[in-house]
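Here are some notes to read alongside the model, with the strand pairing and the charged pairs in mind.

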Amino acid sequence: MRVARLFCGIMLSLVLCLPATARAAFTETLPRGTFLLDLAYNHSYLSNNWDDRGNLAPLIESIDRYEPGGGKQGRLIPNADVEYSVLLIQLQYGILDSLSLAVGVPVVLNTTVNPSFAWEPGDYQPILGRPYSGTDFWEWAGSMGQPQPSRWDGNRGVLSDIVLGFRFRFTDWIEAFERVDLAMAVSVMGAIPIGQQGDPDEPVAVGTTLWDLQTQGDLAFHLSIDKMFTRELDGRLVLGLDVYYEVFFPRTQRTPTGRTHPLLMDQAPYVGRTHTLNPGDYFGFAVAADVVAVRGPTRATWLTGGSLQRAMTLPPLLTISLGYRFNANNQSRFSSRSDLWDHDQERQWQAGYRNTLSATALFSFLRLGAPLQLYVGYRTMELIPGKNVRAGQVIVAGLRAPFAFSL
């Protein structure tokens, strides 16, 4: 009976939800007692890397191959393409009007890596009367038990690290900030290490940790500020700034054993069965502008108890958000029995930075009596050069639904 009352008592407390100004994302918190369910589908494309000189380069460096005790067979040139599909499930709850808790559960739906190996011939081989061709090389490798790496599909419905966090908008307690239309907040997030390392014996396999997804650190600290223009621009613009520092903790990883790729991946005998990776921390800042593009019609519906005045406090029909993020990362460190191997791995994860541009359109139907918000977005790291980072592109589509329980 108690359970029945709980479910029958579900009601939407949308009257208390987001203000009618543009979406102040950096300092936004939920009203006390309100939940917000956010489901976002992210599809990312990755085929390039910003190198140490700020030039676009392939994701995987070319590999020179040599005859045992002889000349150069040729060069393997990977032209890898990577695609990730991730469902991000977020649930937020307003402890106070100025304090919200949140949990984020990323589920990797699928990952595809296509290595697309090309071949550059090497030295003249007297035994063949010509240089090795790509076919010659893979036939030779096959005779040594080394298959040609092919397209890899994996991570079907695999969890990434679960993120817990809170945001506290402390300026709600300082009247001077309200007079000048400013809000400031601190956010802290921590990750529960659920994600998995990619299969170390597959050359192009990737994992599902936050480190593999290159999204955020294991522990993150943010300080944010939003400037509203309630009087000057009728609440149609919010400018935001967010500065942050994110920590990655050291982790133990398995080393390739050459079980299925003896010529490419046989490293455990001299590296050790496991090694330690200490990823470089993240730090940087983000700026954003949220603009009310269409305030839309407003109706007195069941969501507001038939009150038109209350309906006018709900979010507008269409808000456009434009953002820029600068993210720097420190040098990653590897520790194993082989200093040479450590050095080679660290060259792939040097200190660098990325520049991300983003655009999001949020459609809110609350003023029309529908308890739903839909959004689409796009992020790219290819338009502004970076250094020693992956240059990915992400398409996002999602929905948000606020609700509350009443017994």
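1. In this predicted model, strand S4 (residues 63-66) pairs with strand S5 (residues 72-78) in the antiparallel sense, over four bridges. One place to look is Arg65, whose bridge partner in S5 is Gly74. Five residues lie between the two strands of this hairpin, and Gly69 takes a positive phi near 75°.

2. Arg75 counts as partly exposed at 27% relative accessibility, and Asp64 counts as partly exposed at 33%.

3. How many salt bridges are there? The count comes to 15. Do have a look at Asp38 and Arg400, which form one with their closest N and O atoms 3.8 Å apart. The pair links distant parts of the chain, since Asp38 sits in strand S2 (residues 35-50) and Arg400 in strand S24 (residues 389-405), 362 residues apart. Asp38 is buried, with a relative accessible area of 7%, and Arg400 is buried too, at 6%.

4. For a local pair, go to helix H3 (residues 175-179), where Arg179 and Glu175 are four residues apart and so separated by about one helical turn. Their salt bridge has its closest N and O atoms 3.7 Å apart. Arg179 and Glu175 are both exposed.

5. Finally, a network: salt bridges with shared partners join Glu28, Asp38 and Arg400.

Conventions
Residues are numbered from 1 along each chain as its sequence is written. This is a predicted model: local features need pLDDT of at least 70, side-chain atom pairs count only at pLDDT 80 or more; totals for chains, interfaces and linings use all residues. Side-chain values use heavy atoms; hydrogens and water are left out. Two strands pair if DSSP finds at least two bridges between them. A salt bridge is a side-chain nitrogen of Lys or Arg within 4 Å of a carboxyl oxygen of Asp or Glu. Buried means under 20% relative accessible area, exposed over 50%, partly exposed in between (1.4 Å probe, protein chains only).
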